[in-house]
Amino acid sequence: MQAWHELADELLLLQRELQQLGLWSLQAPSAAALASREPFCVDTLAFEQWLQWVFIPRMAQIVEQGQGMPGGCSIQPMGEEAFAHLGRQAGDLLLILGRIDRVVTRLAVQP
């Protein structure tokens, strides 16, 4: 149960960090952009948009409903690439993504 709370906390921290860095959008992407079948919607969304409009809501839904966690998570490496242009400013954001990876992976292997 503690890991579920950790994940919820990390999702909130992720949202705050994206907002602080000016990477949080008030305008939702189009339904077509959100319907991409590519990993991270790379063909239609910036990574921060995918985090905001796909990843955070989906993970929040899983936490709220106590659903089974999908297999492991590996979003930090994508974040390292996507946010390289931010340099040191991306430090906290990447730490949060790494903690999310670890918590989701832990939850995925729990019975």
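Accessible areas in what follows come from the Shrake-Rupley method with a 1.4 Å probe, and for residues only the protein chains shown count as cover. On that basis, the accessible surface of the protein chain comes to about 6600 Å², and carbon and sulfur atoms hold 52% of that surface.

Colleagues, a word on the source. This is a predicted model, in which local features need pLDDT of at least 70 and side-chain atom pairs count only at pLDDT 80 or more, while totals for chains, interfaces and linings use all residues. Residues are numbered from 1 along each chain as its sequence is written, and side-chain values use heavy atoms, with hydrogens and water left out.

I begin with the overall fold. Helices here are DSSP runs of H or I with at least four residues, strands are runs of E with at least two, and both are numbered from the N terminus. By that assignment the protein chain has five helices and zero strands, and reading along the sequence gives the pattern α-α-α-α-α. The radius of gyration is 14 Å, close to the 13 Å that the globule rule gives for 111 residues, so the chain is as compact as a globular protein of that length. For that comparison, the radius is taken over C-alpha atoms, and the rule is 2.2 Å times the number of residues to the power 0.38. Along the principal axes, the C-alpha atoms fill a box of roughly 35 × 35 × 20 Å.

Next, burial and contacts. A residue is called buried under 20% relative accessible area, exposed over 50%, and partly exposed in between, again with a 1.4 Å probe and protein chains only. Buried residues make up 37% of the 111 residues. Contact means heavy atoms within 4.5 Å. Of the contacts with a separation of 6 or more, 72% are between residues 24 or more positions apart.

As to charge, Lys and Arg count as positive and Asp and Glu as negative, whereas His and the chain ends are not counted. Each charge is placed at NZ of Lys, CZ of Arg, CG of Asp or CD of Glu. The mean positions of the 7 positive and 12 negative charges are 4 Å apart.

The UniProt record, an unreviewed entry, carries the annotation "domain: YqcC-like" over residues 7-102. Its positions are given in the numbering used here, feature names are shortened, and annotations may be inferred rather than shown by experiment. Over residues 7-102 the chain is 58% helix and 0% strand, and the end C-alpha atoms of that stretch are 9 Å apart.

For context, most residues other than glycine have a negative phi. F40 is partly exposed, with a relative accessible area of 22%, while C41, at 4%, counts as buried. V42 has its place in that loop too, and at 47% relative accessibility V42 is partly exposed. V42 and V63 are 21 residues apart in sequence, with 25 Å between their C-alpha atoms.

What does M78 touch, leaving aside its neighbours within four places in sequence? M78, found in helix 4 (residues 76-82), is in contact with F40, V42 and F47. M78 and F40 are 38 residues apart in sequence and 8.8 Å apart in space, C-alpha to C-alpha.

Is Q52 buried or exposed? Q52, in helix 3 (residues 47-65), counts as buried at 5% relative accessibility. Not counting residues up to four places away in sequence, Q52 touches L23, W24, S25 and P57.

Two further positions complete the picture. A31, in helix 2 (residues 31-34), is exposed, with a relative accessible area of 63%. A31 and L51 are 20 residues apart in sequence and 16 Å apart in space, C-alpha to C-alpha. G87 lies in the loop between helix 4 and helix 5 (91-109) and is partly exposed at 44%. The C-alpha atoms of G87 and L34, 53 residues apart along the chain, are separated by 28 Å.
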